[in-house]
Amino acid sequence: GYSADEAIGHNAEILLPSRFVPTLREQCRQFGASPDVQMQVQVPDKLFARRKNGMEFPAEIYLSKTVEDHRRLFTAIIRDITDREAILATIRQASQTQDAVVQSSPVPILRLDSSRRVIVWNRTAERIFGLSAIDVVGRFLSSLTGFAGTELEDMVRRLLDGEVLTDVEILQQPSKGSALDLRVSGAPLYDTDQRVHGAVCIVEDVTESNATRRQLGHAQRM
């Protein structure tokens with residue numbers, strides 16, 4: 001908000017809220033004495049710059065230095081990152097919403113990386129398979145009790161090979177309790193280069209409904 005006439009000849013500290021001035025002075029002193037030719041100003045929390053009207057905005061400040069006529073000159077680039085911060089806030093909010101949806105889902109939701117390591121294991125998955133997220137997340141699916149060599153592990157392999165699965169019924173033995181009839185749907189996840197970097201797998205427990213259907217079929221035959 002300053003014109004060139006208003007700014008030239010004044011201390012550049014007018015462009016910063018006063019609470020950041022001591023930090024900037026100390027970092028400039030250290031930078032001036034170091035062999036480095038450029039640096040980014042760092043603060044414990046978020047850095048702000050200040051407009052002429054007193055309004056503050058989130059910023060990044062980069063410094064470089066040269067020597068001219070035996071004088072050390074500093075160049076400061078102040079970048080307004082308001083838009084970027086807004087985008088990041090939106091992404092964080094979307095991520096929180098997604099996490100809430102996943103954790104409140106009435107069906108198990110699993111996410112795995114390209115090496116079949118579990119990244120997401122929601123609360124319903126804990127209940128259905130008898131394994132807590134603390135014991136599962138970060139481990140390979142094949143290392144979990146009751147998953148190595150199973151149909152579910154094969155479903156995950158197919159997802160990571162790029163296949164999309166819809167309502168595939170399998171039989172799975174959890175770590176505790178009786179075998180389960182499961183209906184599996186899922187899709188691979190791709191990176192910006194269109195390479196598979198993981199997969200999401202949605203698993204529905206249809207044990208009870210299948211048993212009811214079998215009983216009904218038996219009754220109809222009788």
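**Close-up 1. A nonpolar patch on the surface.** A patch residue has over 30% relative accessible area and no salt bridge, and nonpolar side chains are joined within 5 Å. In this predicted model, such a patch is formed by Ile-87, Leu-88 and Ile-91, whose accessible area together is about 270 Å². Leu-88 belongs to helix H3, residues 82-104. With a relative accessible area of 35%, Leu-88 is partly exposed.

**Close-up 2. The largest nonpolar core.** Here you are looking into a core of 25 residues, where Trp-121, Phe-129, Leu-144, Phe-147, Leu-152 and Val-203 touch the most other members. Elements giving two or more residues to this core include strand S6 (118-121), helix H4 (123-129) and strand S9 (196-205). Helix H6 gives the most, with five residues.

**Close-up 3. The surroundings of Leu-144.** Leaving aside residues up to four places away in sequence, Leu-144 touches Val-118, Trp-121, Leu-131, Asp-135, Val-136 and Arg-139. Elsewhere, a second, separate core has ten residues, among them Leu-24, Phe-31, Val-41 and Ile-61.

Close-up 4. Searching the whole structure turns up four aromatic pairs. In one of them, the ring centres of Trp-121 and Phe-129 are 5.5 Å apart and the planes lie at 40°, so this pair is tilted. Trp-121 also pairs with Phe-147: their centres are 6.0 Å apart and their planes at 70°, so this pair is edge-to-face. Trp-121 sits in strand S6 and Phe-147 in the loop between helices H5 (133-136) and H6, so the pair ties together parts 26 residues apart in sequence. Trp-121 and Phe-129 are both buried, and Phe-147 is buried too. Together, Trp-121, Phe-129 and Phe-147 make up one aromatic cluster.

Methods. Residues are numbered from 1 along each chain as its sequence is written. This is a predicted model: local features need pLDDT of at least 70, side-chain atom pairs count only at pLDDT 80 or more; totals for chains, interfaces and linings use all residues. Side-chain values use heavy atoms; hydrogens and water are left out. Patches are made of residues with over 30% relative accessible area and no salt bridge: like charges are joined within 9 Å, nonpolar side chains (Val, Leu, Ile, Met, Phe, Trp, Tyr) within 5 Å. Accessible areas come from the Shrake-Rupley method with a 1.4 Å probe; for residues, only the protein chains shown count as cover. A salt bridge is a side-chain nitrogen of Lys or Arg within 4 Å of a carboxyl oxygen of Asp or Glu. Helices (H or I, at least four residues) and strands (E, at least two) are DSSP runs, numbered from the N terminus. Buried means under 20% relative accessible area, exposed over 50%, partly exposed in between (1.4 Å probe, protein chains only). A nonpolar core is a set of buried Ala, Val, Leu, Ile, Met, Phe, Trp, Tyr and Cys residues joined through side-chain atoms within 4.5 Å. Contact means heavy atoms within 4.5 Å. Rings of Phe, Tyr and Trp (its six-membered ring) pair if their centres lie within 6.5 Å; planes under 30 degrees apart count as stacked, over 60 as edge-to-face and the rest as tilted.
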